[in-house]
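I opened this entry to record what I looked up in one model. The notes go by topic, in short form.

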Amino acid sequence: MSEYELSTQKRKTKSVYVSTVISIALVLLVTGMLGLLLVHAKNLSKYVKENIVLNVIVNDGTSEGDVLSLQKDLEKDPYVLRSVYISKEIAAKNLKEDLGEDFVQYLGHNPLLPSLDVYMKENYANTDSIKTFIEKISKNNRIKEVVYQESLIDMVNKNVRIIGIIVLAFAVILLIIAVALINNTIRLAIYSQRFLIKSMQLIGATKNFIRKPFITYGIIHGLLGSLIAILLLILTLKFAQQQIPELVFLRNWFEFAVIFLGVIFIGILISGLSTYFAVTKYLKAQSNDLYR
């Protein structure tokens, strides 16, 4: 083979490898973005559920010390995430801002009662758990009543469940598509090397000896593609947080790191396995089949 032909072959090989890495990176980018979407959806669900408030109205005449004692007792409950004490004065101030007028001056007294805004833990932010919690604390003689929006809680849980199922189903479908695309990309890359594989086999090289460099390159391509995808994912995250600052509340770098490691694992695993099966196919193929 002439020096020109060797140079042309090397350029073609490099071109195939570069296109393979780019293709893997783009597919893993989409897969990683879906993973980040799942994480954000889960964290958004948690944030919404943990911000559902129960207004625990305290009996009139209860001292502030007793209210604070009640607050400590409630926060010890395994259902409760946190609570906020709303005194009569704070309640009057908040209502005044909402109404736009001083109703205390108009009435001559403050008719509002002190209360505790209780926030439930994510796993207990549902109607059944809240009813159980209310039945338990209603026995306390310092509590007059507990007010909450049952319809809102039912709607939140229903929508979160539906969205979760849709996103999960979409994730499974996209993962299957990603595996198929990466597999086809690598099969095409190996297809261009089929004559080299068969030539090495014909001069006596063992199957493992032939497969080893191809699998090594496949793993490297998967790693490079995944690193490029992770870099693009980080840039996408930063851009999204600049455009939507509220996303900071949903940020969880540990979960993001798990997504990134998953992208690397998927890239290496699929690339390595696809390369192995593609090379094995041409090792088993007859010489005449290579022209088909």
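**Asp73 and its partner**

I began with Asp73, which counts as partly exposed at 39% relative accessibility. The scale I used: buried means under 20% relative accessible area, exposed over 50%, partly exposed in between (1.4 Å probe, protein chains only). Asp73 and Arg142 meet through their side chains in a salt bridge (3.3 Å, N to O). Because Asp73 lies in helix H2 and Arg142 in the loop between H5 and E4, the pair ties together parts 69 residues apart in sequence. Arg142 counts as buried, at 18% relative accessibility.

**Ground rules**

This is a predicted model, where local features need pLDDT of at least 70 and side-chain atom pairs count only at pLDDT 80 or more, while totals for chains, interfaces and linings use all residues. Residues are numbered from 1 along each chain as its sequence is written, and side-chain values use heavy atoms, with hydrogens and water left out.

**The other salt bridges**

How many salt bridges does the structure hold? I noted three. The criterion is a side-chain nitrogen of Lys or Arg within 4 Å of a carboxyl oxygen of Asp or Glu.

One joins Asp77 and Lys136 through their side chains (2.8 Å, N to O). This pair links distant parts of the chain: Asp77 sits in the loop between H2 and E2, Lys136 in helix H5, 59 residues apart. I find Asp77 buried, with a relative accessible area of 13%, and Lys136 partly exposed, with 39%.

Another joins Glu255 to Lys42, with the closest N and O atoms 2.7 Å apart. Glu255 is in helix H9 and Lys42 in helix H1, 213 residues apart. Glu255 counts as buried at 16% relative accessibility; Lys42 is partly exposed, with 42%.

**Overall layout**

I noted nine helices and four strands in the protein chain. Helices (H or I, at least four residues) and strands (E, at least two) are DSSP runs, numbered from the N terminus. Of the 292 residues, 37% count as buried.

**The sheet**

In what order do the four strands of the open sheet stand? The order is E2-E3-E1-E4, with antiparallel pairing. Strand E2 (80-86) and strand E4 (143-147) stand at the edges with a single partner strand each, so one side of each has no neighbour in the sheet. The twist averages 25° from one strand to the next.

Two strands pair if DSSP finds at least two bridges between them. E1 (residues 53-58) and E3 (residues 115-120) are joined by five bridges. Leu54 has Val118 as its bridge partner in E3, and Ile57 stands opposite Ser115. Four bridges join E1 to E4, where Val56 is partnered by Val146.

I then checked the helices against the sheet. Helix H2 (residues 64-75) lies across E1, E2, E3 and E4, at about 165° to E2. Helix H5 (residues 127-137) lies across E1, E2, E3 and E4 too, at about 15° to E1. Axes are lines fitted to C-alpha atoms, for helices over the stretch in contact, and angles run from 0 to 180 degrees between N-to-C directions.

**His40**

Leaving aside neighbours within four places in sequence, His40 is in contact (heavy atoms within 4.5 Å) with Leu237, Leu247, Leu250 and Phe256.
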